[in-house]
Amino acid sequence: MSETEIWKNREALQEQADFSSHLFQLQNRITSKDFSKYFQLTESEIIGIEKTIRLNVGTTPYYLLLADPLDDHCPIRRMIIPNEKETFLSPEESIDPLNEERLSPVPGLTHMYPDRVLLFSNHECSVYCRHCMRGRKVSFSKERMDGDALEKCFSYIRNHPEISDVVISGGDPLNLSDNKIDWILSNLEEIEHVKICRLGTRNPVTNPMRITDKLCEVILKHNSDRLSIFCNTQFNHPKECTTEAKEAIFKLLRAGVSLGNQAVLLKGINDKPETMLDLHRKLLEMRVRAYYLYDPELIPGSRGFRTSLSKGLEIIEFMRGKIAGMGIPQFVNDLPGGGGKITLSPNWYLGYHKSSRAHVFRSALTGDFHFSYEPMDSESTSLYQEISEQDFQSYLSSSSNPSKDPFLLPKKI
Ligand code: SF4
C-alpha cells in the first residue's frame, strides 16, 4: 500500500464517530491481517507476524495511531508488531519463567508471598504487548475465569487469613465489565483480612477511554475504610503520555486510587537513560509515582527485547539526582524459577573500614567519596563488607568531601 493510502486509512480510522468510546476501541481492534493498511511493513515484521512464537497480534485503534506508520524503530510500533527475532526460542527461555503455575493452589491464583496473592481475573487485554510475560495466559490459556473459577479463588483467600493484599491481574482486569469488576471488588471487600487490592492494568496506556465515570464510581464505592485500592499501570515510553492517558489517570485519582508505574526495560524502546528520565518526568506531571523498572523476563522469543543487566543499573544511576526520588523506579529482577523480586542498584556503598568505623559511599550526584561513621557502641560491625586499608586510603585521598575527616566536620551541640 502506498504512503498516501496509509495516511488516508489512518485519518479515516481517527474520524470514526465512536472513536473516543472504549467499546469502539475493543470491538474494532486491529489485528495483523489489517496491519498493512496502517503500516509500511518491513520484511522482518512480515516474518514476525507469520511465525511469532510469543502471543497473538492486535491493538486498539487508539494505540495503533500512536505508532509511526513508516519507521519500524518507533517504540510504540515495536510494542505492537512482532519482528523476526520473535520467531526464535533461546535455550534459557520458558513459557512460565516465574513458575507461577507451580505456585498456584487453585486455577487462576498464584500464592508466592505469604501475605499476598495474584488473582488472574480474566485473560483479555486491549493490546497484545510484544514483551508480555503472560503470553501463556493471554494467548494460549485453556483456563476459563468464569464465576465458578473466581468463587474458588475467593474461597481460597477466605480460608487463608494471612492474605491481606490481593493483586488483580490477567490479562487486564479493566477489560472486564463494570458489573464484573463490581462483583469481584465486593467479594474482596467482604473478606475481613483483605485490606489492600491492587489493580494491574495497561488500559490507561492502550485504551484510556476505558476509564469511564461509571467505572470510577464502581472503584470509588469499594475504595473504602475497609479496602484500599491501588492501581499499577505500565507506561514504557514518553510517547504514551498523551492527553487521553492523562485524563484517564486524573479520573482514577479522583476515585481515590493511588497510582504507580511498572515500566519494563526494553531494548531499542526505552533503554536510553534520557528516555527513561523523560518518561518518569511526564509520569510525575500526571501524578503517577515510579514503582518498578523490570528487567525483562526470559519468555519465549524475547531476545529482541532483552538488554544487559548493566543497562538498568546505568539508567538508575543516571536518573538519581535529576528527578525526585518518587520519580525513580526500583530496578527489579523477578527471579527466574519463582524466588520473588529483588531490587538491583548501582554500587553506591563501597564498604566498611573497621579501624576508623567509616562506611564509604560514592555520591550519585558528584561521584565523590563520602564517609559516614558506625556508632561507637555498635554490635553490628561484623555484618559489613570490609574494605582493605589500601582501598580506604585511596578513597580518602581522592575524596574532596569534608566528611572524610570527622574531626573537621562542624560540631553539632
Ligand atoms: S496488557 Fe499486560 S497482560 Fe495484556 S498483553 Fe499487555 S503486558 Fe500482557
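Because the structure is a predicted model, local features require a pLDDT of at least 70 and side-chain atom pairs count only at pLDDT 80 or more, while totals for chains, interfaces and linings use all residues. Residues are numbered from 1 along each chain as its sequence is written. Helices (H or I, at least four residues) and strands (E, at least two) are DSSP runs, numbered from the N terminus.

Strand 7 has parallel partners on record in strands 6 and 8. Strand 6 (residues 196-200) is joined to strand 7 by five bridges, and the two run parallel; in this pairing Cys197 stands opposite Ile229. Strand 7 (residues 228-233) is also joined to strand 8 (residues 258-264) by four bridges, again in parallel. Here Phe230 stands opposite Ser258, and Asn232 opposite Gly260. Two strands are taken to pair if DSSP finds at least two bridges between them. In general, strands of a sheet pair through backbone hydrogen bonds, either parallel or antiparallel.

These strands belong to an open sheet of nine strands, in the order 3-4-5-6-7-8-9-10-11, with mixed pairing. Its edges are strand 3 (109-110) and strand 11 (341-344), each of which pairs on one side only.

Helix 13 (residues 273-285) comprises 13 residues and spans 18 Å from its first C-alpha to its last, close to the 18 Å expected at 1.5 Å a residue; the expected span is 1.5 Å times one less than the number of residues. Its buried residues are Met276, Leu279, His280, Lys282 and Leu283. They lie on the same side of helix 13, because they cover an arc of only 160 degrees around the axis, the arc being that of the directions from the helix axis to the C-beta atoms. On the other side, Glu274 and Glu285 are exposed. A residue is buried if 20 or more other C-beta atoms lie within 10 Å of its own, exposed if 12 or fewer, and partly exposed in between, with C-beta atoms placed from the backbone. The buried residues of helix 13 pack against strand 8, strand 9 (289-294) and helix 14 (309-319), contact being defined by C-beta atoms, placed from the backbone, within 7 Å. Helix 13 is followed by Arg287, whose phi is positive, near 70 degrees.

How values were computed:
Two residues are in contact if their C-beta atoms, placed from the backbone, lie within 7 Å.
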